[in-house]
Amino acid sequence: MGTVHKRLTRDFYSRDVLEVTPDLLGKWLVRRFDDGTVRRYIISEAEAYRGGEDKACHASRGYTERTRVMFGEGGHVYVYLIYGMYWMFNIVTGPKGLPQASLVRAVLNIDGPGKLTRELCIDRSFYGENLVTSKRLWLEDNPVKPSIRSAPRIGVDYAGEYWKNIHWRYIIESNDHQ
């Protein structure tokens, strides 16, 4: 009998980003490609960005067209382009009006957020995608809970000493997740 994969519901994403982000590790990120092929990837690294008070979070600068989706309900996709070439895949968390998101930095065997979005063919068209109902991108539960560790976020020196050193990056630290 095959493994039953249960899609994550809105309730999972509606929690605070500091609860959701570590809980993303070990979950299945599922991508249905245009040709119908479905691939599953285990999330192995993610970073939390927590609204207005977090100087490393895009939403700390207020509501803009770019950050609009972050001010909506959890469970939607926030993507943005860096260096004119790499899409960053974020999962909006929390209740409507409190902008938060988890940056998915890696899945097993694909390290780096730019490599990840290239592999999954994630681009601007995914902005605002609803992970609860999407037919091309969603997350599924995995009953195996991996061991994780926390570390400072990457590439946020501009946010100042406190925000660049806070341990809001979560990483699977062992191979007990499959």
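How many aromatic pairs does the count come to by this rule? The rule pairs rings of Phe, Tyr and Trp (its six-membered ring) if their centres lie within 6.5 Å, with planes under 30 degrees apart counted as stacked, over 60 as edge-to-face and the rest as tilted. By this rule there are six aromatic pairs. The rings of Tyr162 and Trp163 have centres 4.8 Å apart and planes at 90 degrees, so this pair is edge-to-face.

The structure is a predicted model, in which local features need pLDDT of at least 70 and side-chain atom pairs count only at pLDDT 80 or more, while totals for chains, interfaces and linings use all residues. Residues are numbered from 1 along each chain as its sequence is written, and side-chain values use heavy atoms, with hydrogens and water left out.

Tyr162 counts as exposed at 54% relative accessibility, whereas Trp163, at 14%, counts as buried. Elsewhere, ring pairs link Tyr78, Tyr80 and Tyr127 into a cluster.

Rings also meet charges. A charge sits over a ring if NZ of Lys or CZ of Arg is within 6 Å of the ring centre and within 35 degrees of the ring normal. The charged end of Arg15 lies over the ring of Phe12, 4.7 Å from its centre, and that of Arg31 over the ring of Phe33, 4.7 Å from its centre.

The strands come next: they are DSSP runs (E, at least two residues) numbered from the N terminus, and two of them pair if DSSP finds at least two bridges between them. Strand E1 (residues 28-32) runs antiparallel to E2 and is joined to it by five bridges, with Leu29 opposite Tyr41 in E2. In the hairpin of E1 and E2, five residues lie between the strands, and Gly36 takes a positive phi near 95 degrees. E2 is also joined to E5 by seven bridges in the antiparallel sense, and Arg50 stands opposite Gln100 in E5. With strand E9 (residues 169-172), E2 forms an antiparallel pairing over three bridges, where Ile171 in E9 is the bridge partner of Glu45.

Note on methods
Buried means under 20% relative accessible area, exposed over 50%, partly exposed in between (1.4 Å probe, protein chains only). Helices (H or I, at least four residues) and strands (E, at least two) are DSSP runs, numbered from the N terminus.
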